[in-house]
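Subject: Structure for you to look at

Hi,

Here is the structure I promised to pass on. Please open it alongside this message and follow the residues as you read.

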Amino acid sequence: MGLMSPSVFDGGFAHSVFKFERHGLEQIDLEVDNQSLAGYPISLKHGNGIEFYMNYLKTTNRYDNVYSNGALSYTNFMESNFLLFIDFKGEKLTHGQAIVKLKFTSLLDSKLLLVFMPVYEKSVVYDSYFNASIESQK
């Protein structure tokens, strides 16, 4: 998930659609069936977003080693790549109602879009006649 203004989402040369900023986000809580997931809510403490950054590293398995994988630095994450990752598979969740609760430091002065991109693991299976079918991974 990421936050962006509608003008950035619409595109243009003046803005990058790959720059996700914090927009004053102070806390996020993720609930499934009215129960917070383990490790949530995540909060900024006095402007320190280390909890968000560590959640990003843990969920994406991109620990800060710029020599081996070019992971984002904390500064780069906070300034231009403020993305939130949730691994429902790691939580062993297969169904339920997901609710995202966002708390901002102050009232927003303009509209924002919450961009959400679900990723599903699937595999292509071929039968003896080479007919392809797509199956979800379990």
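Below are my notes on the core, the aromatic rings, the salt bridges and a surface patch. Please keep in mind that this is a predicted model.

Leaving aside residues up to four places away in sequence, Phe-52 touches Leu-25, Glu-26, Gln-27, Ile-28, Ile-42, Ser-43, Leu-44, Phe-77, Phe-82 and Leu-84.

Which residues of helix 2 are buried? They are Phe-52, Tyr-53, Asn-55, Tyr-56 and Leu-57. These buried residues pack against strand 2, strand 4 (42-43) and helix 3. Just after helix 2 you will come to Asn-61, which takes a positive phi of about 60°.

**The aromatic rings**

Searching the whole structure gives 2 aromatic pairs. In one of them, the ring centres of Tyr-53 and Tyr-56 are 6.4 Å apart and the planes meet at 25°, so this pair counts as stacked. Both residues sit in helix 2, 3 residues apart, which is about one turn of the helix.

Tyr-53 also pairs with Tyr-74: here the centres are 5.5 Å apart and the planes are at 80°, so the arrangement is edge-to-face. Because Tyr-53 belongs to helix 2 and Tyr-74 to helix 3, this pair ties together parts that are 21 residues apart in sequence. Tyr-53 is buried, at a relative accessible area of 4%, while Tyr-74 is partly exposed at 28%. Tyr-56 is buried as well. Through these ring pairs, Tyr-53, Tyr-56 and Tyr-74 form a cluster.

**The salt bridges**

How many salt bridges does the structure hold? There are 2. One joins the side chains of Glu-26 and Lys-103, with an N to O distance of 3.6 Å. This pair links distant parts of the chain, as Glu-26 is in strand 2 (residues 25-32) and Lys-103 is in strand 5 (residues 98-104), 77 residues apart. Glu-26 is partly exposed, with a relative accessible area of 25%, and Lys-103 is also partly exposed, at 44%.

Another salt bridge brings together the side chains of Lys-101 and Glu-31, at 3.1 Å from N to O. Again the pair links distant parts of the chain, with Lys-101 in strand 5 and Glu-31 in strand 2, 70 residues apart. Glu-31 is buried, because its relative accessible area of 9% falls under the 20% cut-off.

**A nonpolar patch on the surface**

Finally, have a look at the surface around Val-124, Tyr-126, Phe-130 and Ile-134. Together these residues form a nonpolar patch with about 520 Å² of accessible area. Val-124 lies in strand 7, which covers residues 122-126.

Happy browsing, and do write back with any questions.

Best wishes

Technical notes
Residues numbered from 1 in each chain as written. Heavy atoms only, no water. Patch = residues over 30% accessible without salt bridge, like charges linked within 9 Å, V, L, I, M, F, W, Y side chains within 5 Å. Areas by Shrake-Rupley, 256 points an atom, 1.4 Å probe, with all protein chains shown as cover. Salt bridge = Lys/Arg side-chain N within 4 Å of Asp/Glu carboxyl O. Helix = DSSP H or I, 4+ residues; strand = E, 2+ residues; numbered from the N terminus. Buried < 20%, exposed > 50% of the residue type's maximum accessible area, 1.4 Å probe, protein only. Contact = heavy atoms within 4.5 Å. Phe/Tyr/Trp six-rings, centres within 6.5 Å; stacked < 30°, edge-to-face > 60°.
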